[in-house]
Amino acid sequence: MTLSITPLFSGSSGNAILISSDDTKILIDAGVSGKRTEQALASVGVQAGEIKGILISHEHSDHIQGAGVLSRKHNIPLYATRMTWQAANGKLGNILAHNMREIGKSDFFVDDLLVEPFDTPHDAADSVGFCVSRGAKKIGVATDLGYFPKSVEHRLHACDLVLLEANHDKKMLAHGPYPHHLKQRIKSRHGHLSNDDAAHAAIKLTAAGVSSILLGHLSEQNNEARLAFRTVTDALMSEGIVPGKDISLGLALRDAVTGVFYVK
Ligand SMILES: [Zn+2]
Ligand SMILES: [Zn+2]
């Protein structure tokens, strides 16, 4: 029995994360075009028609851009909360009634995958993160977080692997090209997690027993992969946690398939 995560795209320009067990494949978000998502899936040997469901974290276009097309073309159910459905209305196009699955905040199954949605602090109608498990193996995806609340931390404690947001470097954001209001939005408690915030979160998750962390949802303008990785590595090292030994630390690419990560 295996469980794996394959980040197809992860960043402020589009997110789509494949989660696979032996029998079931689902996507968390579909925020790039249907065509590019199909191509990314094909590059790891998956046909879009095999996807059993797309979990929608929130209605921002970097999470739903390709969801409507994929649902129509391949008859894939979309799972979103009531308020997210309302907020996404008009952005997804027509979705067949049987593919409009309304979720709450309780656990549900997509075939053999157990899905646990949890609230995230973000400026969307009703944003959520997801833990997905098969048997004793569990993966968490937590991006689009203005900060890292205890409630989210506790949800991720039981995960083997967490895809964690490391959106921006605070200095790059401050000195970067974004207009003032956008900078304020990103660093607010309903915006995005900085590299420093991700580093603190990574320390807590490692202490809780999480064995792998993938940094993701990096900003194109306000971050660099090496900087995000270095910031989190340094913070872990300062706590005596050695990446590569005490924890496996990786980074999800913004606009290419990162690879397949199996939960052992
Ligand atoms: Zn996003
Ligand atoms: Zn968002």
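The lining of the largest cavity is made up of 6 nonpolar, 8 polar and 2 charged residues; Ala, Val, Leu, Ile, Met, Phe, Trp, Tyr, Cys and Pro count as nonpolar, Asp, Glu, Lys and Arg as charged, and the others, Gly among them, as polar. The model is a predicted one, in which local features need pLDDT of at least 70 and side-chain atom pairs pLDDT 80 or more, while totals for linings use all residues. Residues are numbered from 1 along each chain, and ligands from 1 in the order in which they are written.

A cavity is a set of points on a 1 Å grid over the protein atoms alone where a 1.4 Å probe fits but cannot get out, and lining residues have an atom within 4 Å of a point. A volume is the space filled by probe spheres set on the points, which are joined across faces, edges and corners.

| Cavity item | Value |
|---|---|
| Cavities of 30 Å³ or more | 1 |
| Volume of the largest cavity | about 90 Å³ |
| Lining residues of the largest cavity | 16 residues |

Asp144 is among the lining residues nearest the centre of this cavity. Asp144 also bridges the zinc ion (ligand 2) and the zinc ion (ligand 1), 3.5 Å apart. His122 lies in the loop between strands E8 (113–119) and E9 (128–134), and Asp144 in the loop between strand E10 (137–142) and helix H5 (150–156), so the pair ties together parts 22 residues apart in sequence. Helices (H or I, at least four residues) and strands (E, at least two) are DSSP runs, numbered from the N terminus.

The protein donors of the zinc ion (ligand 2) are His58 (NE2), His60 (ND1), His122 (NE2) and Asp144 (OD), 2.1 to 2.6 Å from it. Donors are N, O and S atoms within 2.8 Å of the metal (3.2 Å for Na, K and Ca).

Conventions. Heavy atoms only, no water. 1 Å grid on protein atoms, 1.4 Å probe; cavity = no way out; pocket = protein on both sides within 12 Å on 5 of 7 lines; lining within 4 Å.
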